[in-house]
Amino acid sequence: HVVGPDPPPLESLRRDDISDRLRLGTLDVGFCALIVKEEDRIDFAPSHLVSGLQAVVRQDLEEIDFLQVLIQGIFRPFTNVFAQAALLLILYFAVFIAHIIWFLERIQNQGQFNPAYGPGIIDAIWFSMVTGLTVGYGDKVATTIPAKLVSIIWMILSAFFVGILAAALTSGFITTQLDQRQKVIIQDLADMGKYTLGVSSEATKAVVSSLVKRSITTQYASDELLLKALKSGEIEVAVQDSRTAHYMANKVDEFLGAVIPVWEVFRERDVAIGIARNSSVTGDYHRVHKVLEQSVIDYMRGEGRLNYEGGRLEWFGSATFEQDPNAANAGLESALAHSNTIASLVLLGACLLWALAVLLHYREEIREEVIRNKLRQTLGLGKKYTMLQLRQGAMRIFDRHDVDASGTLDVDEIVGLLKSLGKDVSLEDIKQYIDRAVEERLESLVKEDSHLTTAPSPPTTIAASALL
């Protein structure tokens, strides 16, 4: 009835071209979301969206170092209000219970709880904290029946408090994401002046130039080219229609996860479907105007409202763009993996240095122990043995190294025996050892003879005694 039996032709145009064609009358309806404003040749259907301008930046997070992981991963969970409440309850009750325990134990258990208030309370607080935190150190115990009953009550209460504290700290560590800040941070319009800007229309460029002083702004032919320039690093901030920014950041694969709208929407305006006016006279509407007006009202306020809300969220997302939690988790996992690697290498290096220091310090003891073990193996002995087993083992070694069956071991045979036990000796070493032993023996004999009243023995006799 309105448009005829066949669907009207559709054309894909730039937004500015749509407005120009509607004014000229060469286009009937512009389904693009046009900004609602006073127009001589364009009428608008009821506004179906509120949009404005919004800054878009690369989703480029600052790297997290090991210190940040340590501080935020360990200490930040204590900012949890439940963890704070549990910790305060433990401290308050520990001090309160400590006073009761000291009062009950100060007379009959003076060996563990000093009867003087100051040191006695310190003893009691130590007992209370050790008991409450389920450590059970055992150096101080309650001996009186009333004190034991109070300790039992404190054990039950503290189990509840410690459980809350442990749960809060654990959940805080697991669920709290580290503050990975964007490298480009925009919190107000003045911040945009610090970066190179890009826009996709003359109107946006004019708004940015009027609001952001000393800005360097580059205009691109389309929103796609604008975000490509942002993604490649040609510009640092893109300023575009907020709904377009959300759609492209949520739905276009090329930009999904690569760009993110930030801060708030500014210069908000109602947007609507544009309809060409038949004449310059107000009220002379296009024949499809009433149809589109009623359709938009039904869609937004009538039976189709749920579909409208669902479609709006599906296409544009929520008003506040939320960072993908998987991306934040990936950054956290990467930082933890890096810190774990560093910590493992440091621990491995420390263990190696410790092992090297031990080996250097006890190298002689280790060498002697190796020789003793080898000697025991040569003798055929275990770690425990009798004198008979030792004598039998020695006889076996003697027989094995007495090559000429002379009943004695000469120097060469002794060298062979020592080398088989791991001693690095030579024939010259043995000779020097024997010479030194002879000299020491001679000196000791001379000293002994000097104390005798009889004349000293002839030198030949002394030498013979030393050799024997």
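## Close-up views of the predicted model

**View 1. Thr204 is in contact with Leu53, Val199 and Val239, leaving aside its neighbours within four places in sequence.** Contact here means heavy atoms within 4.5 Å. The model shown is predicted, so local features are given only at pLDDT of at least 70 and side-chain atom pairs only at pLDDT 80 or more, while totals for chains, interfaces and linings use all residues. Residues are numbered from 1 along each chain as its sequence is written, and side-chain values use heavy atoms, with hydrogens and water left out. Thr204 is found in helix H7, residues 202-211. Helices (H or I, at least four residues) and strands (E, at least two) are DSSP runs, numbered from the N terminus. With a relative accessible area of 9%, Thr204 is buried. Buried means under 20% relative accessible area, exposed means over 50%, and partly exposed lies in between, with a 1.4 Å probe and protein chains only.

**View 2. Helix H3 (residues 81-105) and helix H4 (residues 117-132) have axes that come within 8 Å.** The two axes cross at roughly 125°, which makes H3 oblique to H4. Axes are lines fitted to C-alpha atoms, for helices over the stretch in contact, and angles run from 0 to 180 degrees between N-to-C directions. Angles under 35 degrees count as roughly parallel, over 145 as roughly antiparallel, 65 to 115 as roughly perpendicular, and the rest as oblique. The crossing of H3 past H4 is right-handed. A crossing is right-handed if the near helix is turned clockwise from the far one by less than a right angle, and left-handed if anticlockwise. On the H3 side are Leu91, Phe93, Ala94, Ile97, Ala98, His99, Ile101 and Trp102, and these meet Tyr117, Gly120, Ile121, Ala124, Ile125, Phe127, Ser128 and Met129 in H4. By class, the residues of the contact of H3 with H4 are 13 nonpolar, three polar and no charged. Ala, Val, Leu, Ile, Met, Phe, Trp, Tyr, Cys and Pro count as nonpolar, Asp, Glu, Lys and Arg as charged, and the others, Gly among them, as polar.

**View 3. Ser151 sits in helix H5, residues 145-175.** Ser151 counts as buried because its relative accessibility is 5%. Apart from its neighbours within four places in sequence, Ser151 is in contact with Ile101, Phe127 and Ala142.

**View 4. Thr134 lies in the loop between H4 and H5.** Phi of Thr134 is near 60°, a positive value in a residue other than glycine. Thr134 has a relative accessible area of 58% and is therefore exposed.

**View 5. Trp263 lies in strand S7.** In Trp263, another residue other than glycine, phi is positive, near 55°. A relative accessible area of 28% makes Trp263 partly exposed.

**View 6. Val252 lies in the loop that joins helix H9 (242-251) and strand S7 (259-276).** Val252 counts as partly exposed, at 23% relative accessibility. Along the sequence Val252 and Glu224 are 28 residues apart, and in space they are 9.7 Å apart, C-alpha to C-alpha.

**View 7. The axes of helix H13 (residues 363-379) and helix H14 (residues 387-401) come within 8 Å.** They cross at roughly 85°, so H13 and H14 are roughly perpendicular to each other. Leu375, Thr378 and Leu379 of H13 make the contact with Leu390, Gly393, Ala394, Arg396, Ile397 and Arg400 of H14. In this contact of H13 with H14, five residues are nonpolar, two are polar and two are charged.

**View 8. Asp412 is a residue of helix H15, residues 411-420.** At 54% relative accessibility, Asp412 counts as exposed. Asp412 and His401 are eleven residues apart along the chain, and 9.8 Å separates their C-alpha atoms.

**View 9. Residues 453-468 have pLDDT under 50 throughout.** pLDDT is the predictor's confidence in each residue, from 0 to 100. For this stretch the model has 13 contacts beyond four places in sequence. Helix H17 (residues 459-467) has the lowest confidence in the protein, at a mean of 34, whereas strand S4 (residues 196-199) has the highest, at 94. The mean for the protein is 80, and 81% of its residues reach 70 or more.
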